[in-house]
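Welcome, and take a moment to look around before reading on. This short report walks through some features of the structure shown here.

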Amino acid sequence: MTEILEQLNDAQRHAVTCTDGPVMVIAGAGSGKTRVLTYRIAVMLRNGIDPFNILALTFTNKAAREMKERITQLVGSSDARNVWMGTFHSIFARILRVEGHLLGYPSNFTIYDTDDSKNVIKSIIKELNLDPKQYTPGIVYNRISSAKSNLTSAEEYNHTAEIVADDNRAQKPMIGEIYTNYEIRCFKAGAMDFDDLLFKMNVLLHNFPEILYKYQNKFKYILVDEYQDTNHAQYLIIKQLAARHENICVVGDDAQSIYSFRGANIQNILNFKNDYPDLKTFKLEQNYRSTQTIVNAANSLIARNKDQIFKQVWTENEPGHPIQVLKAASEIEEGQKVANSIFEIKMNQQQPNSSFAVLYRTNAQSRAIEEALRKLNIPYRIYGGVSFYKRAEIKDLLAYFRLVVNPLDDEAFKRIVNYPARGIGKTTLEKIELAAVQTKLSNMQIALEPARYISGLPSGTVAKLEQFATMIQGLHYQLQKLDAYELAQKISVSSGLMMELMSDKSEEGLSKFQNSEELINAIKEFTEREEIDIPIDSDTEGSKRSLDVFMQDIALMTDADDDKDGNNNKVVLMTIHAAKGLEFPFVYIVGLEENLFPSNMSLTTRAEIEEERRLFYVALTRAEKKVVLSYAETRYRWGNLTANEPSRFLVEIDEQYLEKSLRRVPSEKPGSSPVMKQMPAYMKKPLNTPATSESSMFPPNYVTPVDEIQPGVSVIHERFGKGKVLSIEGSGPNTKATVFFAQVGQKQLLLKFAKLKVV
DNA sequence: GTGTGATATCTTTTT
DNA sequence: GATATCACAC
């Protein structure tokens with residue numbers, strides 16, 4: 001115990017040992033936040049607190065996994081295993097499987113991912129005869145999602161004047177109606193979406209005092225990681241659970257709040273003390289991760305944000321290298337320069353591949369980097385992007401599993417009823433859908449007795465449907481008789497999926513087959529595994545290795561677990577969001593261009609730009625030894641070449657921390673004179689400056705503000721040329737303009753994409 | 001009912 | 001560039 005505490009500084013030690021009562025830890029980047037959390041749990045366990053009474057909530061599966069490993073190292077696996085540790089979503093899903101029957105959900109409810117949800121919305125839009133152009137599933141989904149994150153039910157949604165007014169203004173008055181239908185459909189299908197896991201958990205605790213009481217007593221000690229990223233629903237669950245014992249410890253850093261787009265409310269951490277008058281606050285300000293240069297550079301950047309809790313992050317580490325800025329003509333060159341730089345450092349300093357990370361704003365940027373690394377034979381691993389579980393062939397197989405586990409799951413039904421093709425086409429599916437809505441039955445129930453519910457169906461179709469439905473039903477009955485692996489194999493064979501995959505001899509088909517095989521193998525491993533990831537109460541069933549148990553967590557998995565080939569010595573490629581909480585000796589942050597980072601979606605309000613800036617702060621502070629920044633003057637974006645200015649963030653870092661800065665005093669900069677602003681970007685390159693890795697840069701050139709584009713004005717579009725604005729529709733980010741171009745005629749353009757310049 | 005090719009639309013970020 | 005949707009031939 002003492003040896004544990006000796007490894008901590010004063011602030012850390014206080015945060016670790018103060019295990020009773022409400023505690024807030026404001027942890028600057030690299031200040032040992034995870035260490036505090038894990039040691040705190042270790043101390044509690046050594047003090048004799050029952051691991052079953054500890055709840056530790058994280059934001060990602062990776063964070064939970066890592067913390068569990070570290071605790072295991074400190075106190076051994078028998079105790080560590082029994083701590084309730086996981087993401088908000090997975091922990092509450094677990095509880096809802098046990099208690100959900102109170103809300104009318106089966107314990108094997110399906111978890112709809114975003115695609116499923118959007119598909120449900122799509123079919124409702126169709127059913128209500130709404131214009132799919134006006135009601136895009138994505139927008140509707142976001143509206144519903146943020147309503148749920150704020151605990152606004154469909155009914156409240158329709159009765160809240162402000163919300164109704166908003167939707168009316170956006171010319172989408174039917175969203176409330178869609179929301180209502182969406183809820184009905186999901187419930188009928190025995191399905192919850194991601195937001196439901198938080199929403200229904202709240203309902204459960206709110207409506208069933210005995211359940212609240214049960215879990216308050218179960219979770220006597222609660223810890224929350226990344227508290228700055230919690231949304232209202234999460235906040236309220238924590239508050240309710242902690243209300244009895246008030247042994248709650250939240251850890252976070254307001255400067256690293258990067259999820260407000262998903263409903264995260266930074267006020268949760270700023271106002272935390274209001275909920276707990278006895279709150280003890282500890283600030284961790286000493287950075288152990290990065291060089292002075294990196295810490296100071298990051299500080300100089302984040303100082304530009306207005307909304308923040310005051311703290312002074314500092315370090316005793318060495319000064320380190322200045323931050324390097326690479327300039328490239330194109331994304332291809334950017335990739336090459338990054339790869340070359342990695343290669344050089346790797347060779348000169350004998351660094352393993354795993355010392356390097358390349359971070360970017362959007363997943364699409366990974367491609368150019370990948371290609372460059374491949375050319376130099378540098379092994380890499382991409383996190384995120386099209387994850388294993390999102391691949392079409394995996395989703396097909398999983399849809400079969402889902403339907404077998406939960407025959408009410410209409411989305412799964414629709415996905416696979418005709419894959420492999422069995423002559424059940426669009427028309428038939430529409431008839432089934434219609435019948436399902438009218439009879440309030442599931443698609444499966446209709447398919448079991450098609451003739452009974454749909455009149456005039458060709459006898460061939462009836463037979464095909466019955467055959468399919470009977471097969472699924474037969475498999476469903478074997479759920480508890482076979483283990484997950486046996487059943488999964490049986491499903492893949494009798495569905496004809498394996499046959500289908502094996503007959504496809506193309507390279508693509510082969511990889512699909514291999515991926516499917518890999519999923520089956522994962523199930524096999526699961527069947528043979530002894531331990532369970534999250535403890536199960538003694539009053540629930542034991543450790544049955546059946547397929548429904550396997551399926552419980554699968555929807556919440558985002559990345560395929562650790563590397564299959566066991567080789568972890570690879571350069572890591574990921575988005576900055578995914579990199580939160582991680583650290584690497586050498587960090588490359590690429591694509592530092594206006595409209596990319598900061599994203600063009602986030603340029604309208606100060607709050608949005610501040611969040612982008614926090615994101616950049618997170619990126620910088622991932623690095624231990626050295627940061628390299630890069631930008632490309634041109635880059636392909638959705639198919640065509642675009643030119644972008646270097647990111648404003650480049651000039652926001654105090655230049656003394658940048659390598660051999662060629663920057664001049666701002667007013668003398670050629671790029672900032674009014675004349676230069678009118679010139680196309682490629683002409684602004686100062687003469688005599690070779691296009692190498694020097695950090696010459698210009699302040700960003702902003703596109704014509706949207707509100708200057710009015711009917712009647714003449715504009716220039718980079719591809720369509722000169723034109724005249726005829727009319728403007730919509731508002732906010734979705735403003736559309738109808739423009740008549742001399743060369744190509746009339747076009748409708750979304751102003752956020754079409755970069756129009758007023759002539 | 002199925003399969004093909006053309007074409008519109010699109011992308012932040014994640015559980 | 002990639003995917004979803006649509007029109008059309010079989």
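A nonpolar core is a set of buried Ala, Val, Leu, Ile, Met, Phe, Trp, Tyr and Cys residues joined through side-chain atoms within 4.5 Å. Please keep in mind that this is a predicted model.

Let us start with the core. The largest nonpolar core has 47 residues, and the members that touch the most others are Phe401, Phe413, Phe468, Leu519 and Leu547. Several helices give two or more residues to this core, including helix 22 (426-439), helix 25 (459-477), helix 26 (484-494) and helix 28 (507-528). Helix 20 contributes the most, with nine residues. In soluble globular proteins, nonpolar side chains tend to be buried together.

Next come the charged pairs. The count of salt bridges comes to 35.

| Salt bridge | N to O distance |
|---|---|
| Arg169 and Asp166 | 3.2 Å |
| Glu583 and Arg289 | 2.6 Å |
| Asp396 and Arg415 | 2.7 Å |

Arg169 counts as exposed because its relative accessibility is 59%, over the 50% cut-off. Asp166 is partly exposed, at 30% relative accessibility.

The pair of Glu583 and Arg289 forms a salt bridge that links distant parts of the chain, 294 residues apart. Glu583 sits in the loop between helix 30 (576-579) and strand 15 (584-589), while Arg289 sits in the loop between strand 9 (286-287) and helix 17 (292-302). Is Arg289 buried or exposed? Arg289 is buried, with a relative accessible area of 14%, whereas Glu583 is partly exposed at 41%.

Asp396 is buried, at 10% relative accessibility, and Arg415 is partly exposed, at 33%. Elsewhere, salt bridges that share partners join Lys33, Asp225, Glu226, Asp229 and Lys580 into one network.

Glu500, Asp504, Glu507 and Glu508 form a negative surface patch. Glu500 belongs to helix 27 (residues 497-503) and is partly exposed, with a relative accessible area of 33%.

The backbone has some features to look for as well. Where are the cis peptide bonds? One joins Tyr419 and Pro420, with omega about -5°, and Pro420 lies in the loop between helix 21 and helix 22. Another joins Phe597 and Pro598, with omega about 5°; Pro598 is in the loop between strand 15 and helix 31 (606-620).

Two asparagines have a positive phi, in each case near 60°. Asn129 is in the loop between helix 7 (114-127) and helix 8 (137-149) and is exposed, with a relative accessible area of 72%. Asn377 is in the loop between helix 19 (366-375) and strand 13 (380-382), and Asn377 is exposed too, at 66% relative accessibility.

Finally, Val651 lies in helix 32 (residues 648-652) and counts as partly exposed, at 23% relative accessibility. Val651 and Asp278 are 373 residues apart in sequence and 43 Å apart in space, C-alpha to C-alpha.

Note on methods:
Residues numbered from 1 in each chain as written. Chains lettered and ligands numbered in written order. Predicted model: local features only at pLDDT ≥ 70, side-chain atom pairs only at ≥ 80, totals over all residues. Heavy atoms only, no water. Patch = residues over 30% accessible without salt bridge, like charges linked within 9 Å, V, L, I, M, F, W, Y side chains within 5 Å. Areas by Shrake-Rupley, 256 points an atom, 1.4 Å probe, with all protein chains shown as cover. Salt bridge = Lys/Arg side-chain N within 4 Å of Asp/Glu carboxyl O. Lys, Arg positive; Asp, Glu negative; His and termini not counted. Charge placed at Lys NZ, Arg CZ, Asp CG, Glu CD. Helix = DSSP H or I, 4+ residues; strand = E, 2+ residues; numbered from the N terminus. Buried < 20%, exposed > 50% of the residue type's maximum accessible area, 1.4 Å probe, protein only.
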